[in-house]
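Morning, everyone. Please have a look at the chain on the screen. I'll start with one term, then walk you through a helix and a barrel.

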Amino acid sequence: MPKYYITTFGCQMNVHDSEIIAGMLETMGYQKAEAQECADLVILNTCCVRENAENRTLGHIGNLKSLKEQNPDMLIALCGCMAQEEGIVEKIRENYPHVDLVFGTHNLHQLPELIHKVTTTGSRVMEVWDSEGEIYEGLPVKRDETYRAWVTIMYGCNNFCTYCIVPYVRGRERSRRPEVILDEIRGLIANGVKEVTLLGQNVNSYGKDLEDGWNFARLLREVAETGLYRIRFQTSHPKDLSDELIEVIASHPNVGRHLHLPFQAGSSRILQRMNRQYTKEGYIDLALKIKAKVPDIALTTDIIVGFPGETEEDFLDTMNLVEKVRFDGAFTFIYSPRVGTPAAKMEDQIPEEVKKERLMRLIDLQNRISLERNQALIGTIQEILVEGASEKNESRWSGRTSHNKLVHFEPVIKVNPGDIAQVRICGAKTFTLDGELLG
Ligand code: SF4
């Protein structure tokens, strides 16, 4: 049987696309290879959100040249967001002759016929659709985990934040039909899945393109009422987060007590330049309202430091917002320009050393708050979904709470990945908790 090996870069949307690619390949008779050296087909599913991710991918493609020299029958394919980016197909065609196939995010479903085209003609195939087209349902999915799953509920983004390339490579918002999503989830439950994460670039605008009054709050309620043990979702744009959604989270304990709500910058002036469509005050009000309605919620966020034109005063607004909201965690990024976005053309770019210095101050502040939030859980009993043994130390296992906090514990009684267990929290670090497994 021919073997495949997929390397995935970027976000969970890409991870799930790779599961669909694996599903199509296994339906075609391929088997997963242990390592890319043993594969007949190597696929790179790429990300282009940050320039350095793209450079790393190009380096990876370059490294595959020697593998192809050792095994000229090996097929090398590139797909994902980078393939949709202007100029990339030409770059691959001219500079990476060992790449046999390029396809995009909009024509993923064509993979079997594209592989057939490459193998029967012996020619390179570069086929990337410019626009999104319809949603293709019913594609096979090969999931590695049996107890949790990703389910995409919508594709694309309509927001055009000025730093972001996603709307240019993933197209306009398109929602999957709710009955198709619910059927998929019922099938997952029947197969033993306990946790589903609903995915979309902005799940809060789910249903805006459907005609029959569906919105994300309604979908989440219906998913929660399937009886699934735990539901998560990402990502949420603050401008579209409704009171109805907060109500659904509050009234359904199986909706994870964790909300990832990127704020990106604390200065209303910078938020306007980012085209985020909310203000600092609006975000703080929303975060405090969520905390009031769902008191045990863990809030996490994304923050960009050093956006063009960011003054020290603007940065202090970011620090102030972090102090006020007290996030459980934050992904912090130094702004890096992406060619093709409006922010990359803004003149007042911030020097690298200023960005780095601000980032360090922000990380120090957030780490202190994250540690304090974790320390507050010491002595409490938490229910976790067991994930398995640590790769580095098999005697340490881990699992996640409803708040999406990772708890390490000694498996003093037998547990398996996917089990639900109780732990008493006995220690806290900045990013993880330590727990004692209860019998
Ligand atoms: S909401 Fe903004 S940051 Fe998120 S994917 Fe859309 S454009 Fe990018």
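Two residues are in contact if their C-beta atoms, placed from the backbone, lie within 7 Å. Keep in mind that this is a predicted model: local features need pLDDT of at least 70, side-chain atom pairs count only at pLDDT 80 or more, and totals for chains, interfaces and linings use all residues. Residues are numbered from 1 along each chain as its sequence is written.

Overall, the protein chain has 13 helices and 19 strands. Those are DSSP runs, numbered from the N terminus: helices are H or I with at least four residues, strands are E with at least two.

Now helix H7, residues 178-190. Which of its residues are buried? Ile181, Ile185 and Leu188. Buried means 20 or more other C-beta atoms within 10 Å of a residue's own; exposed means 12 or fewer; partly exposed is in between. The three cover an arc of only 55° around the axis, so they sit on the same side of H7. That arc is taken from the directions from the helix axis to the C-beta atoms. Their cover includes strand E7 (148-152), strand E10 (195-199) and helix H8 (216-224). On the other side of H7, Glu179, Asp183, Gly187 and Ala190 are exposed. Just after H7, Gly192 takes a positive phi of about 95°.

Next, the barrel. Five strands close it, in the order E15-E16-E17-E19-E18, with mixed pairing. Two strands pair if DSSP finds at least two bridges between them. E15 (residues 381-389) and E18 (residues 420-428) run antiparallel, joined by five bridges. In E18, Ala421 stands opposite Ile384.
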